[in-house]
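Visitor: I would like to go through this model term by term. Please show it to me, and I will ask what stands behind each label.

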Amino acid sequence: MSSAVPLNLGIARPSGEGAPSYSGAKRVLLAEPRGYCAGVDRAVETVEKALEKHGAPVYVRKEIVHNRHVVETLADRGAIFVEETDEVPEGSLLVFSAHGVSPAVHASAAERSLRTIDATCPLVTKVHQEAKRFARDDYDILLIGHEGHEEVEGTAGEAPEHVQLVDGPDSVDNVTVRDENKVIWLSQTTLSVDETMTTVAKLRERFPTLQDPPSDDICYATQNRQVAVKAMAPECDLVIVVGSTNSSNSVRLVEVALTAGARASYLVDYAKEVDTAWLDGITTVGITSGASVPEILVQGVIDLLGEHGFGDVQPVTTANETLVFSLPRELRTSATPR
């Protein structure tokens, strides 16, 4: 997954030859890690490989990942994005997005004789398996997440009679359970770690025997990107997060930056959305990107800032990510999509 490395904020002032120093000039702090996580990389490559293998059109339920540039680029290559399976011609090829789907969606696809490839992130699949396991054991499952998010809908659909959505700390008072000794919490993988733990603490005040999930549900990439932002935010007058407004983990990065000490933070899809007025009187700009953002979009923001005098780019490195997920089996072998 990731391994901790010495924190490099680019702001140290040790003595000695070759030591870095900060002269007060305009600079950019660049968060590492940022951008594509293993699940997003797998999902995007799944659509690309499906197009190569089967030709256009390839249908995709919902956005394959929550990034406007990625979706538009794949659409240009022949991917057709739909909201539901009934929009797909019978017998066609359909890819399920990285966010996962409920059993009802799988059943609907089967009814239409659709050939399917499941690009669900394996870390989301893990949460699905946990939901099914604890439902079999007749637990009340408190799913912490955002109402309406595709991932939450997919996870809740695994055990709708056992899952109760908890949309942040303010909704804790509305929770009811059958047996306080058989309650467990799970979470959407892209949440703010801090807010999630605040919600868990409030839940545990009401249900002292509340059980934790077998392993972290918030994905390693979401946590790593938040840690990097927390490290650099106190040094930043401004943090620019590259990502789309429907990307939960990108929106969370803006919130984390502000909470961690950045004076201002904004979310943009493209460099052209950066308001240069934001740079007035600014010395240090932090840049990061959500887990579904290709690096070319980050480079666009770096180039724009360079044109406005922010030519000194310094890394803020808090982890190295090495995790890679294999493609769905239909694209690894000569097998035909089911």
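Guide: Start with a pair of residues. Leu143 has Leu186 in β9 as its bridge partner. Their strands, β7 (residues 140-144) and β9, pair in the parallel sense over five bridges. Keep in mind that this is a predicted model.

Visitor: What makes β7 and β9 a pair?

Guide: The bridge count. Two strands pair if there are at least two bridges between them. β7 and β9 have five, so they pair.

Visitor: Why is strand β9 called largely enclosed?

Guide: Five of the five residues of β9 (residues 183-187) are buried, so the rest of the structure largely encloses this strand. Val183, Trp185 and Ser187 point one way, Ile184 and Leu186 the other way, and all are buried.

Visitor: Which strands pair with β12?

Guide: Strand β2 (residues 27-32) runs parallel to β12, joined by four bridges. There, Leu29 stands opposite Gly286. Strand β10 (residues 238-242) is also parallel to β12, with five bridges. Val241 stands opposite Thr288.

Visitor: What handedness has the crossover from β5 to β6?

Guide: First, the strands. β5 (residues 93-96) and β6 (residues 115-118) pair in the parallel sense over four bridges. The chain goes from β5 through helix α3 (residues 103-111) to β6, and this β-α-β crossover is right-handed.

Visitor: How do you know that the length of helix α7 agrees with expectation?

Guide: Helix α7 (residues 220-232) has 13 residues, and at 1.5 Å a residue they should span 18 Å. The end C-alpha atoms are 19 Å apart, which agrees.

Visitor: What makes α7 largely enclosed?

Guide: Ten of its 13 residues are buried, so the rest of the structure largely encloses α7. Among them are Tyr220, Asn224, Arg225 and Met232.

Visitor: Why is Arg225 called buried?

Guide: Buried means under 20% relative accessible area. Arg225 has 1% relative accessibility, so it counts as buried.

Visitor: What does the side chain of Arg225 reach?

Guide: Two backbone oxygens. That of Arg34 is at 3.4 Å. That of Tyr36 lies 3.3 Å from a polar atom of the Arg225 side chain. The cut-off for a polar contact is 3.5 Å, so both distances fall within it.

Visitor: How many aromatic pairs are there?

Guide: A search of the whole structure finds two. In one of them, the rings of Phe134 and Tyr139 have centres 5.3 Å apart. Their planes are at 80 degrees; the edge-to-face label needs over 60, so it applies. Phe134 is buried at 5% relative accessibility, and Tyr139 is buried at 13%.

Visitor: Why is the pair of Tyr266 and Trp278 called stacked?

Guide: Stacked needs planes under 30 degrees apart. The planes of Tyr266 and Trp278 are at 5 degrees and the ring centres 3.9 Å apart, so the pair is stacked. Tyr266 lies in strand β11 (residues 265-268) and Trp278 in the loop between β11 and β12, so the pair ties together parts twelve residues apart in sequence.

Visitor: What makes Lys272 a charge over a ring?

Guide: Its charged end sits over the ring of Tyr270, 5.4 Å from the centre. The distance limit is 6 Å.

Visitor: Where are the cis peptide bonds from Glu32 to Pro33 and between Ala56 and Pro57?

Guide: The bond from Glu32 to Pro33 has omega near 10 degrees, and Pro33 lies in the loop between β2 and α1. For Ala56 and Pro57, omega is about 0 degrees. Pro57 lies in the loop between α1 and β3.

Terms used
Residues are numbered from 1 along each chain as its sequence is written. This is a predicted model: local features need pLDDT of at least 70, side-chain atom pairs count only at pLDDT 80 or more; totals for chains, interfaces and linings use all residues. Side-chain values use heavy atoms; hydrogens and water are left out. Helices (H or I, at least four residues) and strands (E, at least two) are DSSP runs, numbered from the N terminus. The expected span of a helix is 1.5 Å times one less than its number of residues. Buried means under 20% relative accessible area, exposed over 50%, partly exposed in between (1.4 Å probe, protein chains only). A crossover is right-handed if, with the strands pointing away from the viewer, the path from the first strand over the helix to the second runs clockwise. Rings of Phe, Tyr and Trp (its six-membered ring) pair if their centres lie within 6.5 Å; planes under 30 degrees apart count as stacked, over 60 as edge-to-face and the rest as tilted. A charge sits over a ring if NZ of Lys or CZ of Arg is within 6 Å of the ring centre and within 35 degrees of the ring normal. A polar contact is a pair of N or O atoms within 3.5 Å; within protein, one must be able to donate a hydrogen and the other to accept it, and residues adjacent in sequence count only if both atoms are side-chain atoms.
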